[in-house]
Amino acid sequence: MMDGYTTFSTASVAIVQLPADRVPGSSGRIRDARRRGRRLDVRPAPRKEPMTSERPGELVLVRHGETEWSKSGQHTGRTDIPLTENGKEQARRAGRALAGRTFALALSSPLERARETASLVGVDAELDDDLMEWDYGAYEGLTTPQIRVQRHGPWDLWTDGVPAGDTPGENAAEVRVRVERVLDRARPVLADGGDAIFVAHGHVLRALGAAWIRLAPQDGGVLSLSTATVSVLGYEHGRPVIDRWNVSPS
């Protein structure tokens, strides 16, 4: 937090979120940024949500435990592979960290690694296809270095997307549509004071975190997320916030 603004930075873009009624047109701050050769992307701060409870609930996100492909860095979208033994233990640790919590809504991706993680965490989760991992299309099973060799240059999932392969593939805007649908299932529960939990995958949960705080779809790339970590989304004065992110249970 700085001077009442929330700033997220990437290598070349500073994203400054302002209250909706204070977005400037051509301020000195913007001119100074342009003189320094940087683009200042100014957009409204996340809107406040209507609350029916004085204490709104929290949305807990759990990424599935380790798999052989997550360990090797291969993009694992729709390929259905199980957890490793280490991944199972990671999931149990996440479950111990969440012991004693009750959830009015529990959702999981239908893929085995997420379902197994949800079971080991100790939640009886409803399966929701909107929590499936990003469809990597022709890049399924490849590592980022392999993809860059194929493309003869740089590649970024969030901005470049993927070509179709055995599956159609998705871009960041298409994934945003899915995560907004699943967030719409959680918002009324949280507004009534109940907690919710989603068990899913790295990229789709990063896209969901960005959607929660109204970042652009491609800005999910700044939210790193490791296997079997616990993150918590919530509200501050009615405004969606990230309370905790990428916490590895001990």
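Analyst: Two strands count as paired if DSSP finds at least two bridges between them. Strands (E, at least two residues) and helices (H or I, at least four) are DSSP runs, numbered from the N terminus. This is a predicted model: local features need pLDDT of at least 70, side-chain atom pairs count only at pLDDT 80 or more, while totals for chains, interfaces and linings use all residues. Residues are numbered from 1 along each chain as its sequence is written, and side-chain values use heavy atoms, leaving out hydrogens and water.

User: OK, what does S5 pair with over two bridges?

Analyst: Strand S6 (residues 126–127), in the parallel sense. Ser108 stands opposite Leu127 there.

User: And S7, how many bridges to S5?

Analyst: Four, also parallel, with S7 spanning residues 196–200. Leu107 sits opposite Phe198 in that strand.

User: Are the faces of S5 covered or open?

Analyst: Covered, both of them: Leu105 and Leu107 on one side, Ala106 and Ser108 on the other, are all buried (under 20% relative accessible area, 1.4 Å probe, protein chains only).

User: Switching topic, what's the strand order in the six-stranded sheet?

Analyst: S6-S5-S7-S4-S8-S9, an open sheet with mixed pairing. S6 and S9 (239–247) are the edges, each pairing on one side only.

User: Which hand does the S5, H4, S6 unit have?

Analyst: That β-α-β unit is right-handed, with H4 covering residues 112–121. Right-handed means that, with the strands pointing away from the viewer, the path from the first strand over the helix to the second runs clockwise.

Terms used. Buried < 20%, exposed > 50% of the residue type's maximum accessible area, 1.4 Å probe, protein only.
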